[in-house]
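Dear colleague,

Please find the structure below, followed by a summary of what was found in it.

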Amino acid sequence: MSDFAEIVEKTSIADVYRADKNLSGVVKKTKLIFSDFFSEISGNEIFLKPENMQHTGAFKLRGAYNKISQLSDEEKSKGVITSSAGNHAQGVAFAAQKLGVKAIICMPATTPILKVEATRNFGAEVILHGDGFDDAFKYSLELQKKFGYIYVHPFNDREVILGQSTTALEIINELKDVDAILVPIGGGGFASGVSLATKLVSPQVKVIGVEPENAACMKAAIDAGKIISLKSSDTVADGCAVKTAGDLTFEFCKKYLDEIITVNEMEIMSALLSLIEKHKLIAEGAGVLSLAALNKLNFRNKKVVAIVSGGNIDISTLSGLIDKALIARGRIFYFNVQLADKPGELLNIAKILSDENANVVKLDHNQALVTNSFKKVLLGVTVETNNHEHIERIIRALNKKGYEIEKIDMLR
């Protein structure tokens, strides 16, 4: 048995309840929200666990606080360090401030200023270094070695995992007859904690991890029976863009997770749009992984909790994801059409679109783009539509009037 497997075997329900006691009065007990919409589309009773409404906007502070609170006075006096450009940074900063411990957070120099300032506002010292996470991570290890700081890993740490496990206790206490819990997976710390607590308290409850198809490092590891590193982890769920699962989290997930579902990029963006439209809740890409997997469950008429893990997303990124989701659903349609360069042609197009109840958002009228004729102009059109069927009706109506259009794929 490996050292990591032994840690898993020795971790008990008493450890989970100890972490829960440590976090009492510190974390917000986010209440479940029943979702008519997600229930209808999935065939199950769906409850949301909104950790996007947690202090710092994500579940991460649970693990960070539990880890730092367990340090000895001598260790606390040394200060803590970590590297992160996201939720873990704010979780560590928040926890350190609460516990009166110095915190150093290494973030890539490319980190958006809003995230940097949010972390500094919790009293942490932020050091910007390198072009990406790997650079910041390596530099944080150099600083730890040089100054003797205590490292707070974002997922591959027993006390961090135990902190995350308290989410499951809250779910089970509030919904005692829950049948299944869906939890997102990045490096595996959240899934490790949630599955650990669930199986030790209510072993009959199914725990399902959800990963992006483009960054499914835990599924790859469990399928292979060993940790492997992905070649890439490019996903809109950037909080779960992890190439290599943790060696400790691998052992926890292998023992306690029932299943892992993967979801594609369009499914993630569609889930984000649905959450905003139907529940008026903002989440990040990683935060809606559980919602994106609801249509892939192989059971019906069960009580299911989908954890919305975080909501820290900047407005420009959110806007881009919403636009892509709208395009994928057929709610926005882009096309080009060549028109004769004479009065009335633009009006004809507008009338056809109006008759088909398509709302024009933008028109780009450009003669210079038509290279094969001086008597033609190119019209670029953006319209709001109802669905893909509506788009096809618009195309047929334009074709009937003699207009040939070029559909523009804005998702490429």
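In this predicted model, the second largest pocket is lined by 13 residues, and Ile327, Ile332, Phe333, Lys407 and Ile408 lie nearest its centre. A pocket here is an open set of points on a 1 Å grid over the protein atoms alone, where a 1.4 Å probe fits, with protein on both sides within 12 Å along at least five of seven lines; lining residues have an atom within 4 Å of a point. Its lining comprises nine nonpolar, two polar and two charged residues (Ala, Val, Leu, Ile, Met, Phe, Trp, Tyr, Cys and Pro count as nonpolar, Asp, Glu, Lys and Arg as charged, and the others, Gly among them, as polar). β11 (332-340) supplies the largest share of this lining, three residues, while α15 (315-328) and α17 (388-400) each supply at least two. Helices (H or I, at least four residues) and strands (E, at least two) are DSSP runs, numbered from the N terminus.

Elsewhere, six strands form an open sheet of mixed pairing, in the order β1-β2-β10-β7-β8-β9; two strands pair if DSSP finds at least two bridges between them. The edge strands, β1 (33-35) and β9 (259-263), each pair on one side only. β1 runs antiparallel to β2 (residues 45-50), joined by three bridges, and isoleucine 33 stands opposite leucine 48 in β2.

Residues are numbered from 1 along each chain as its sequence is written. Local features need pLDDT of at least 70, side-chain atom pairs count only at pLDDT 80 or more, totals for chains, interfaces and linings use all residues, and side-chain values use heavy atoms, with hydrogens and water left out.
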